[in-house]
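Here is a short report on one protein chain. Please keep the sequence and the model in view while reading.

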Amino acid sequence: SRLFIVRFIKNNEQFCRYRVIVSKKIYSKAVSRNHLRRQIYEAIRISSHSDEKKTHFDLILIPKKKIQKTSFSFGIIILQVFLIWSAIKLLFDTLFNFDSLDLQLLAVYGLYWAGYFLFVGLFILNIASVYSIYTRKKYGYAIVISYFVFSIFLMILLFCLSLQNFDIVKQLALESRVDRGLSIDAIDFITPFVFSITFFIILTVHGLLLLYVFFKKSYFNRV
């Protein structure tokens with residue numbers, strides 16, 4: 001990323017851990033460094049969404065000096081952190097994990113490879129969206145919109161397939177936690193109702209970001 005140095009690695013915990021490091025080379029005053037650090041942490045809090053089936057990792061974000069010269073609003077920072085987060089999760093959860101829950105679910109319906117290439121396409125759009133935010137050209141708007149529309153489509157597809165045979169979803173989640181040496185007590189709390197609530201929360205986050213991009217079309221016209 002042009003604004004961040006990103007370091008990440010998988011961990012064996014049941015949660016993700018984050019660290020934001022702001023160098024004195026960016027802001028000499030501690031107040032300014034802390035303000036930027038709080039903004040980035042808030043962006044991570046708003047944009048990150050973890051659920052039972054996802055891999056957990058440690059993430060370090062180190063802002064570059066170029067961030068001083070940007071005129072990005074807080075909304076753009078949230079959008080950018082969200083896209084970086086999503087790209088990392090796609091790599092860990094699907095592209096580098098051929099036994100991921102999403103792919104196993106698609107395999108039940110004979111859609112394993114079709115699903116895998118759909119995720120590859122989503123990852124390409126994800127990276128292109130990150131780049132488009134910095135180029136600020138007209139085509140960037142279409143790319144970011146396409147990413148969110150495609151992402152929402154995949155989410156709805158997986159949600160519908162999950163509800164069709166929810167017992168398989170619970171079994172796959174159980175096997176995943178056993179393989180990772182995690183407690184299986186939480187499996188009992190996974191019900192269609194809880195699953196649906198979680199889905200609609202995540203869908204709402206994506207929908208709000210899509211709406212934000214829609215109203216920020218002028219941002220992608222470089223001057």
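## A serine in the interior

S162 is buried, because its relative accessible area is 4%, under the 20% cut-off. The model is a predicted one. S162 sits in helix α5, which spans residues 138-164.

Which residues does S162 touch, leaving aside its neighbours within four places in sequence? The contacts are L105, V169 and F195. F195 returns below, as part of an aromatic pair.

## The tilted pair: Y18 and W85

The whole structure holds 14 aromatic pairs. One of the pairs is Y18 with W85. The ring centres are 5.4 Å apart and the planes meet at 50 degrees, so this pair counts as tilted. Y18 belongs to strand β2 (residues 17-20) and W85 to helix α2 (residues 74-95), so the pair ties together parts that are 67 residues apart in sequence.

W85 is buried, at 3% relative accessibility.

## The edge-to-face pair: F166 and F195

F166 and F195 also pair. Their ring centres lie 5.6 Å apart. The planes are at 70 degrees, and the pair is edge-to-face. F166 lies in helix α6 (residues 166-179), while F195 lies in helix α7 (residues 192-215), so the pair ties together parts that are 29 residues apart in sequence.

F166 is buried, with a relative accessible area of 9%. Both rings belong to one aromatic cluster, made up of F159, F166, F195, F199 and F200.

## Strand β3 and its partners

Strand β3 covers residues 57-63. How do its two strand partners run, parallel or antiparallel? Strand β1 (residues 4-10) pairs with β3 in the antiparallel sense, over seven bridges. Here F8 has L59 of β3 as its bridge partner. Strands β2 and β3 run parallel and are joined by four bridges. V20 stands opposite L61 in β3.

In a regular strand, side chains alternate between the two faces of the sheet. Strand β3 has one covered face, with F57, L59, L61 and P63. Its uncovered face carries D58, I60 and I62. L59, the bridge partner of F8, is on the covered face. L61, opposite V20, is on the covered face too.

Terms used
Residues are numbered from 1 along each chain as its sequence is written. This is a predicted model: local features need pLDDT of at least 70, side-chain atom pairs count only at pLDDT 80 or more; totals for chains, interfaces and linings use all residues. Side-chain values use heavy atoms; hydrogens and water are left out. Rings of Phe, Tyr and Trp (its six-membered ring) pair if their centres lie within 6.5 Å; planes under 30 degrees apart count as stacked, over 60 as edge-to-face and the rest as tilted. Buried means under 20% relative accessible area, exposed over 50%, partly exposed in between (1.4 Å probe, protein chains only). Two strands pair if DSSP finds at least two bridges between them. Contact means heavy atoms within 4.5 Å.
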